[in-house]
Amino acid sequence: MSEAPSYLSPTGHEIVFLLLGVVVVGTGLLVVTTRQVVHAALWLVVCLGALAGCYLVLTAEFVAWVQVLIYVGAVVVLLLFGIMLTRAPIGRSPDLDSRNRPVAAVVALATAAVLVTVVVDGFRHAYVDLSPGKGTAEEVGVAVFRYWVLPFEALSVLLLAALVGAIVISRTDIRGR
Amino acid sequence: MSSYAPVIALFAIGVAVFAGALLVNRLLRPTHSTPDKLTTYECGVDPVGEGWAQSQVRYYVFTYLYVVFAVDAVFLFPWATVFARPGYGMTTLVEMFVFLGVIALGIVYAWRKRVLTWT
C-alpha cells in the first residue's frame, strides 16, 4: 500500500483494469438475461476469464491462473453438466424468468450496496503497489500455511461434504445395499 | 504486467491464425448447400433425435470429482514452494496430508458406494 496518485491521469494498468471490469459486468448481465441456458454458461466463461485478467493486472498471478483452472475450467464444466442433467431438450426457453424478479433485484442491489460501502470504506485511500512478483505461488503458500491454515483445512471438509452430498443425491440408480 | 506481453502476442497470433483460416476457407470454398448437406454428420447414417440429450446424473459425480482434484492440485503448488523452508517443515507437511486425507475419505466413500465402477 502506497500513496494514492491522482485519479485524473490514469495509468495503462488502470485503463486495462477498467476495460476488463466493463467486460466482467457486461458479460455478467448477459449471463442472467440470455434466454439460452447453455449460452449463460458460456458467457460465464468470458466473465470469469475477464476476472482472471483483472487479477493479472493486479499482479496476483497465481490467483489468476487458479481462477482460469478452477472456475473457467472445472466449475463451468460442472455447471454445464448441471444444465444437461436438468433440462432436455435445451434451446431457447422463455420460462427462465421467474416472478421473483423484483425481489431478486432488491436483494442484488442491497448486496451490491453493502459490498461497495464496505470496500470503499475499508480501502478508500489504499493503493496497491503493482510491482510484479507479489502474487506468486510462493507468496500464496507463505500466506496460506502461515496464517490461513484453518480455512484451508475447513475447505477440505467442505469439498468432502459436497462430494458425499452429490453421491447421495445421484445414487438412485445404485439401489441401497 | 509487461512480462505478459509475449502471452498476449501469442494469444493474438492464435486468434489471427484461427480466424484467418476460417475466413480464407469461407472466401475460397464454393457453397451449394442442399438440405442433405446441411444435416448433422453422424457417422454417415441419418441423425436420430435431437442434438441435446439429457445426461445421466452419475456423470455429475465424475465432474465433481474433477473439481475436487483440481482444487486439491491447486493447493499443492503453493505448498510445494514453502514446505521445505525453515519454519515450516513437519507441521506444514502434516497439514497438507490432513487436507489430502479428508479428501481421500470422499474418494473412499465414492469407491465404497460403487460410484467409480463402470457398469
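Analyst: Here follow questions about terms, each answered from its definition.

This is a predicted model, in which local features need pLDDT of at least 70 and side-chain atom pairs count only at pLDDT 80 or more, while totals for chains, interfaces and linings use all residues. Residues are numbered from 1 along each chain as its sequence is written, and chains are lettered from A and ligands numbered from 1 in the order in which they are written.

User: What makes a residue of chain B count as in contact with chain A, and how many do?

Analyst: The C-beta atoms of the two residues, placed from the backbone, must lie within 7 Å. By that rule, 41 residues of chain B are in contact with 43 residues of chain A. Helix 3 of chain B supplies 18 residues, the largest share of the side of chain B that touches chain A. Helices here are DSSP runs (H or I, at least four residues; strands are E, at least two), numbered from the N terminus.

User: Which classes make up that side of chain B?

Analyst: There are 29 nonpolar, 7 polar and 5 charged residues. Ala, Val, Leu, Ile, Met, Phe, Trp, Tyr, Cys and Pro count as nonpolar, Asp, Glu, Lys and Arg as charged, and the others, Gly among them, as polar.

User: What is called a nonpolar core, and which residues touch the most other members of the largest one?

Analyst: A nonpolar core is a set of buried Ala, Val, Leu, Ile, Met, Phe, Trp, Tyr and Cys residues joined through C-beta atoms within 7 Å. Buried means that 20 or more other C-beta atoms lie within 10 Å of the residue's own; with 12 or fewer it is exposed, and in between partly exposed, with C-beta atoms placed from the backbone. The largest core has 16 residues, and Leu163(A) and Val68(B) touch the most other members. Helix 3 of chain B gives the largest share of this core, 7 residues. Not counting residues up to four places away in sequence, Val68(B) touches Leu159(A), Leu163(A), Ile103(B) and Gly106(B).

User: Why are the buried residues of helix 5 of chain A said to line one face?

Analyst: In helix 5 (residues 137-147) of chain A, Ala137(A), Val140(A), Gly141(A) and Phe145(A) are buried. Seen down the helix axis, they fall within an arc of 110°, so they line one face. The arc is that of the directions from the helix axis to the C-beta atoms. The face turned away from the buried side carries the exposed residues Ala143(A), Arg146(A) and Tyr147(A).
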